[in-house]
Amino acid sequence: MEQISVSYNHYSTSVGNNLKTIQITTKYRYCMMKQDKLQVYCGVAITEACKKHGIKIVILKVMVEHVHLMVDCPRTLSDAQLMQIVKGLSSYILFRICPDLRLRYPRGHFWNKGYFCAGCGNDFQRALAYIENQELHHS
C-alpha cells in the first residue's frame, strides 16, 4: 500500500483542509456497476462533477452497488452542498453518457436518497486503508 499524504491548503485568510469520507449507494441498491464499462463511466462522472466545483478526489473506489471516495472539498461547502454536487451532477452526467440507465431509473434518480459523509482529519490513514481494501471486504 502506497503512502498518500495530504498537505494543507493555503487560502487568503486561513490554512487547512476539509477531508471528507463519502459513501453513496445506487437507488434500491441495484447492482448497476457489474460491468466494467459502467464502473468506469461512474468513476468518470463523479470525477468530472468534482472537478467542475474544485473538489479534489484523494481516492475513489466504485463497487458493484456503491461508491467510496475521499475528497478534499473547499471549506465553504457544507456536507449537504457537497453531496448535492457529487450525487446530483454525477447522475446527470451518467444519464448523458449512458441513456440506457433510464430503463432502470425512468425518473433520473441514480443514487439513493441517503449517504454517509464524515470528516476524516486525524483518521486519514485509517480511512484511506478502509477504502483501498474494499475489494477484500466485499469478496
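Which backbone oxygen lies 3.2 Å from a polar atom of the side chain of S90? Select S90 and look around. The oxygen belongs to K87. Keep in mind throughout that this is a predicted model.

**Stop 1: S90 and its helix**

Stay on S90. This residue sits in helix 2, which covers residues 79–97. Is S90 buried or exposed? S90 counts as buried because its relative accessibility is 0%, and the cut-off for buried is under 20%. Now show what surrounds S90. Leaving aside residues up to four places away in sequence, S90 touches A45, I46, A49, I85 and W111.

Next, select the whole of helix 2. It holds 19 residues. From its first C-alpha to its last it reaches 26 Å, close to the 27 Å expected at 1.5 Å a residue. Colour its buried residues: L82, M83, I85, V86, K87, L89, S90, S91, I93, L94 and F95. What do they pack against? Show strand 3 (19–25), helix 1 (36–52), strand 5 (66–72) and strand 6 (116–119). Those are the partners of the buried residues of helix 2.

**Stop 2: the largest nonpolar core**

In soluble globular proteins, nonpolar side chains tend to be buried together. Here is the case in this model. The largest nonpolar core has 31 residues. Select I46, V67 and F110, which have the most contacts inside this core. Which elements give two or more residues to this core? They are strand 3, helix 1, strand 5 and helix 2. Helix 2 gives the largest share, eight residues.

Zoom in on I46. Beyond residues up to four places away in sequence, I46 touches I24, I57, L60, V67, L69, V86, S90 and W111. S90 from the first stop is in that list. Another core lies apart from the largest one. This other core has eight residues, among them L19, M70, L128 and I131.

**Stop 3: a cavity and a pocket**

How many cavities of 30 Å³ or more does the structure hold? There is one. The space in the largest cavity is about 40 Å³. To find it, select the lining: M32, M33, L38, C42, L94, L101 and F110. F110 is also one of the residues with the most contacts inside the largest core.

Now move to the largest pocket. About 200 Å³ of space lies in it. Select T21, Q23, H68, F116, A118, G119, C120, D123, R126, A127 and Y130 to show its lining. Strand 3, strand 6 and helix 3 (124–132) each give two or more residues to that lining.

**Stop 4: helix 3**

Select helix 3 itself. Its buried residues are F124, A127, L128, A129, I131 and E132. A127 also lines the largest pocket. Show strand 3, strand 4 (56–62), strand 5 and helix 4 (134–137) as well. The buried residues of helix 3 pack against these elements.

**Stop 5**

T26 counts as buried because its relative accessibility is 0%. Leaving out residues up to four places away in sequence, T26 touches M32, M33, E65, Y105, F110, W111 and N112.

Check their backbone angles. Most residues other than glycine have a negative phi. Y28 is not a glycine, yet its phi is positive, near 60°. R29 is not a glycine either, and its phi is positive at about 55°. How accessible are these two? Y28 counts as exposed because its relative accessibility is 57%, and the cut-off for exposed is over 50%. R29 counts as partly exposed, at 43%.

**Stop 6: N18**

Finish with N18, in the loop between strand 2 (15–16) and strand 3. Is N18 buried or exposed? N18 is buried, because its relative accessible area is 15%, under the 20% cut-off. Its contacts include V71, D72, C73, P74, R75 and L77, not counting residues up to four places away in sequence.

Conventions
Residues numbered from 1 in each chain as written. Predicted model: local features only at pLDDT ≥ 70, side-chain atom pairs only at ≥ 80, totals over all residues. Heavy atoms only, no water. Helix = DSSP H or I, 4+ residues; strand = E, 2+ residues; numbered from the N terminus. Buried < 20%, exposed > 50% of the residue type's maximum accessible area, 1.4 Å probe, protein only. Polar contact = N/O pair within 3.5 Å; in protein donor to acceptor, adjacent residues only side chain to side chain. Contact = heavy atoms within 4.5 Å. Expected span 1.5 Å × (residues − 1). Core = buried A, V, L, I, M, F, W, Y, C linked by side-chain atoms within 4.5 Å. 1 Å grid on protein atoms, 1.4 Å probe; cavity = no way out; pocket = protein on both sides within 12 Å on 5 of 7 lines; lining within 4 Å. Points joined across faces, edges and corners; volume = space filled by probe spheres on them.
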